[in-house]
Structure formats: C-alpha cells, structure tokens
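Here's a quick tour of a fold, going from helix packing to a sheet and a salt bridge. Have the viewer open while you read.

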Amino acid sequence: MYRTEAGRIIVGIENLDVKATLECGQLFRYERNDDEYTVRSGGHSCRLYHSGNYVIIETPAVDYFVNYFNLDRDVARIKRELSRFEELRPALDSCGALRILHQPLFETIISFIISANNNIPRIKTIIKMLCAQFGGVFPTPEQIADIPVRQLDAIGCGYRSQYISKTAKICADTDILSRMYSARTPDAQKMLLSLPGVGQKVADCVSLFALGRLEVFPIDTWMLKTQRIGSETEFQVRQRLMDKYGELAGYAQQVLFYYNAILKA
C-alpha cells in the first residue's frame, strides 16, 4: 500500500486521495499551495504532492505520518463493505481513497472546541495563532492552562476561551486523556462530554479523528440537511445512521460530508 524511504513516504494514488482526506473537515492545520499541501500535527510537519501515480509525503517524521495517515488501514476494503448501501455509492465513487486520520488527542479536542459555531478559515487562523505562541508546535495541556483567558480572547477564541482554558486544566491535572485511549467508546464519550465546551458533535469528532472509533457518526448541519427523515432530532438521526452503518459509520459520515458539503456545494 505504501513504502518508506529516508525522509519520505510513497503512496499509490489509489490508496490516498489527498484532497478528499485533507478537505473533508477532519483537520484544520493544513495549507494548500497550488497542487501541494503542507500538514502540521503536534510538532511535526509534512509536504504532500503528486508524482505520476504516487503521492509523495516528504517529512523527517516518517513513522509519525505513517500512523497519522493510517496507511496500514485497508480503505479499499472499507469502501467495498459500504458499497452494499446503494445511497452511499455516489459518495464512495467520488471521494477516492479518503482516509480518516489518527490525530493527537488533546490537539483534536481543543481544535474541535474552537470549531464550534465557527467557519474553517477562522478556525485555521485561530489554531495557527495559538501554535505561533509556541514556535509553531501545538501546545500541551499545561501550556494552554497557563495562558491567560484574555490572551485566548485576543486570538479570536471568544466565548470558547473559558472552555479551552478549563478543559486544558482538567487534561493537565488528571489522567483523563490516557483513560480515554483504553476506554470503551461509550465511556470515552462520557469523559469527553464532561469537558467544558464538548457537546455530542465534538465528542463524536474526537472519537473518530483521534481515538479511531469508526462506529460514531458526527451530526452537523450538512448531515441534518441531507440525512434527516421527517422531523427526526439530531439524536435520532445519529442513532439511526450508527445502527445502519455499524462499525463503519464514521467512514460513511466522512464520505457523505465530503460529497455533499465540498463536492456538491
């Protein structure tokens, strides 16, 4: 599926659709320059570009980004399994090898708290400004806990500043992050929902994009607009689609979001 060399990863285009993976709403620390992308995660970065039938990922942190892009996951198998659902086929055919990333847990929690009632350009700017205070590296719970709330306000966090500060303090002072990794999904979600600023959508996004729990189905405006039946509540839509798509519900959600919110918008 891929091979590694000193300073780079080579992936066949059939195993990684760069645009679909990076622009499907699961991450915010990336920039596009013509046909190249730069991705940052934690204190690491990589550059992605196409060369013939391959995607080249240039980075000093090869092992980190093999894990980050989940390159050992068989996306073709997942798409084959989901293709039995006729309503998913247009999205599956359009998204190529969209991969769900394996992002750092605390970074993902804070990023999606920032994302609440926000737009992607502004989210990206706030996160970039936050990281700039620490040399371009995403700060630790302890570092964010030490930032005055007014300083978070100054970079545009707004009402989320208090949530970010309080959540960082909890993560710094307890073992909640390590417990999430080993917990069953319902228990991990209870822990996430106990954090200030984390509602069900944010908990689902963190579960999917950081903890790798493919059975969750985040509900946002696009999912309600395209998936709701009658007068279903958000909870009812979420539960119905999780029941329907089972252990691959999260992947179904991502291809549906990319298809409806990006490709058809």
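The angle in question is about 135°, and the axes lie 9 Å apart. Axes here are lines fitted to C-alpha atoms, for helices over the stretch in contact, with angles running from 0 to 180 degrees between N-to-C directions. Helices (H or I, at least four residues) and strands (E, at least two) are DSSP runs, numbered from the N terminus.

Before going on, note that this is a predicted model: local features need pLDDT of at least 70, side-chain atom pairs count only at pLDDT 80 or more, and totals for chains, interfaces and linings use all residues. Residues are numbered from 1 along each chain as its sequence is written, and side-chain values use heavy atoms, leaving out hydrogens and water.

On the α5 side, I110, S111, I114 and S115 make the contact, and they meet I123, I126, I127 and L130 of α6 (contact means heavy atoms within 4.5 Å). That set divides into six nonpolar, two polar and no charged residues. Nonpolar covers Ala, Val, Leu, Ile, Met, Phe, Trp, Tyr, Cys and Pro; charged covers Asp, Glu, Lys and Arg; the others, Gly among them, are polar.

Helix α5 (residues 105-115) also packs with α12 (residues 200-209): their axes come within 9 Å and cross at roughly 150°. These two are therefore roughly antiparallel, and the crossing is right-handed. L105, T108, I109, F112 and I113 of α5 touch V202, C205, V206 and F209 of α12. Eight of these residues are nonpolar, one is polar and none is charged.

The side chains of E107 and R29 meet at 3.2 Å, N to O (a salt bridge is a side-chain nitrogen of Lys or Arg within 4 Å of a carboxyl oxygen of Asp or Glu). E107 sits in α5 and R29 in the loop between α1 (18-22) and β3, so the pair ties together parts 78 residues apart in sequence. The structure holds 15 salt bridges.

Now for the sheet. Six strands form an open sheet in the order β1-β2-β6-β5-β4-β3, with antiparallel pairing (two strands pair if DSSP finds at least two bridges between them). β1 (2-5) and β3 (30-33) are at the edges with a single partner strand each, so one side of each has no neighbour in the sheet. Neighbouring strands are turned by 20° against each other on average, direction ignored.

| Hairpin | Residues between strands | Positive phi |
|---|---|---|
| β3 and β4 | two residues | D34, about 55° |
| β4 and β5 | two residues | G42, about 60° |
| β5 and β6 | two residues | G52, near 65° |

How many bridges join β3 to β4? Four, and the strands run antiparallel. Across that pairing, Y30 stands opposite V39. V39 also stands opposite C46 in β5, where five bridges join β4 to β5. Five bridges also link β5 with β6, and S51 stands opposite Y54 there. Finally, β1 and β2 (residues 8-12) pair over four bridges, with R8 as the bridge partner of E5.

Note on methods. Angles under 35 degrees count as roughly parallel, over 145 as roughly antiparallel, 65 to 115 as roughly perpendicular and the rest as oblique. A crossing is left-handed if the near helix is turned anticlockwise from the far one by less than a right angle, and right-handed if clockwise.
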